[in-house]
Amino acid sequence: MKNNDNKPNNSRVQLHSKEYNKKYHILAWSITFVVVIALGVAAYFGYVYFKTKNAVDKTYDPHTQVQIKKGEFNGKHKFAVLLMGTDTGALDRTEKVGNTDTMILAIVNPQKKHYTLMSIPRDTMAQMVGNDEFKVEKINAAYPLGGSRMAMDSVSKLINVPIKYYAVVNMGGIMKMIRYVGGINIRPTLSFEYGGYIFKKGKLTHMGGGSALAYSRMRYDDPRGDYGRQERQRQVITTLIKKAVSVSSLSNLDSILTSVSGNVKTNLPFSALQQIAMNYRSCADHEKSDYLHGYDAKINEAAYQVQSTEELQRASDYCRKELGLEPETINNNETFQNTKNIENGFKFGSSKVQEYHIYDYVEEGGN
């Protein structure tokens with residue numbers, strides 16, 4: 001994503017705010033609390049309750065368990081969840097642990113009765129926090145390198161926000177769920193052909209699992225690149241969730257819950273999800289959305305997004321405020337690298353794709 005040399009940096013936020021606020025609200029809630037939707041039914045049907053609990057228990061990852069304080073999800077406290085989507089188990093992807101091409105920090109604020117989504121672009125340069133040696137990669141590599149713990153720690157360090165919880169879903173699971181609910185109807189945001197499927201802009205299209213996944217995966221023919229793909233992914237997941245909770249889908253409940261339990265992982269146990277469903281219901285319908293606004297750069301010939309120190313500080317202040325935390329000056333590997341690169345001629349705000357160099361953060365006094 002590039003900037004015009006003659007415009008101030010903050011004009012980029014104004015330029016893109018309209019398109020990113022539009023229909024952005026449901027993705028995070030959908031990925032993390034896809035099982036919580038079924039819990040709404042569980043309050044009335046005991047059979048569904050136990051079926052749901054069994055499925056949700058299988059999504060729980062004991063290796064990343066954290067202590068949950070009494071009353072932590074009583075509807076009064078703010079909390080954050082890192083939401084991740086992997087592209088494994090679908091179409092031509094065969095790797096068992098894929099990059100998290102969708103990374104969103106969701107912050108739930110009961111006092112304001114809304115939740116906030118801060119999207120972290122997949123190509124964002126970041127230190128892999130927790131790696132044995134100093135290592136800088138695209139942020140979406142943290143999960144396959146070090147699991148959910150490294151992903152949470154790396155995002156946390158990037159924008160100086162504490163992150164305790166996570167949820168990850170793979171697109172193979174999304175495809176299965178779409179099949180189980182009988183497909184979904186979507187009006188494509190643009191016309192294109194991908195994976196043998198043809199999509200026409202604005203034409204109501206019935207999509208099965210394969211076509212919906214193809215629709216949500218195409219990136220290079222979209223004039224908005226990865227950001228356009230993210231919008232289509234949100235569109236697919238939004239439509240899927242609405243269809244999954246419809247009366248017509250209840251007959252396939254066992255299959256739907258089975259696909260959830262096999263394709264979602266989280267360190268939020270069933271009891272916590274149950275409390276969230278009951279106590280934070282008023283937050284679900286009101287959202288605020290934002291994303292890190294990066295600059296295109298080359299690092300060792302690979303394409304990256306680098307975030308200016310001012311942008312990292314802006315995102316940090318925004319998220320910390322939503323969590324009820326005081327602002328703090330960001331001081332991390334990324335701000336260090338920015339300072340060194342600016343000293344050596346890198347210009348944030350340039351419309352050119354520039355070379356960005358990685359300096360040894362440890363030897364130069366980093367921590």
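Which residues have the most contacts inside the largest nonpolar core? The legends below start there, in what is a predicted model.

**View 1. The largest nonpolar core brings together 30 residues.** Leu82, Met84, Met103, Leu105, Ile120, Ile159 and Cys319 are the ones with the most contacts inside this core. At least two residues each come from β1 (79-86), β2 (100-109), α5 (142-159), β6 (165-170) and α11 (309-322). The biggest giver is α5, which supplies eight residues. As general background, nonpolar side chains in soluble globular proteins tend to be buried together.

**View 2. Here is Ile159 with its contacts.** Leaving aside residues up to four places away in sequence, Ile159 touches Leu105, Leu292, Leu312, Ala315, Ser316, Cys319 and Ile330.

View 3. If you are looking for disulfides, a search of the whole structure finds zero.

**View 4. Three strands form an open sheet in the order β14-β13-β15.** The pairing in this sheet is mixed. β14 (302-306) and β15 (354-355) stand at the edges; each has a single partner strand, so one side of each is left without a neighbour in the sheet. Strand β13 (residues 295-299) runs antiparallel to β14, and five bridges join the two. For a landmark, find Ala297, which stands opposite Tyr304 in β14.

Technical notes. Residues are numbered from 1 along each chain as its sequence is written. This is a predicted model: local features need pLDDT of at least 70, side-chain atom pairs count only at pLDDT 80 or more; totals for chains, interfaces and linings use all residues. Side-chain values use heavy atoms; hydrogens and water are left out. A nonpolar core is a set of buried Ala, Val, Leu, Ile, Met, Phe, Trp, Tyr and Cys residues joined through side-chain atoms within 4.5 Å. Buried means under 20% relative accessible area, exposed over 50%, partly exposed in between (1.4 Å probe, protein chains only). Helices (H or I, at least four residues) and strands (E, at least two) are DSSP runs, numbered from the N terminus. Contact means heavy atoms within 4.5 Å. A disulfide is a pair of cysteine sulfur atoms within 2.5 Å. Two strands pair if DSSP finds at least two bridges between them.
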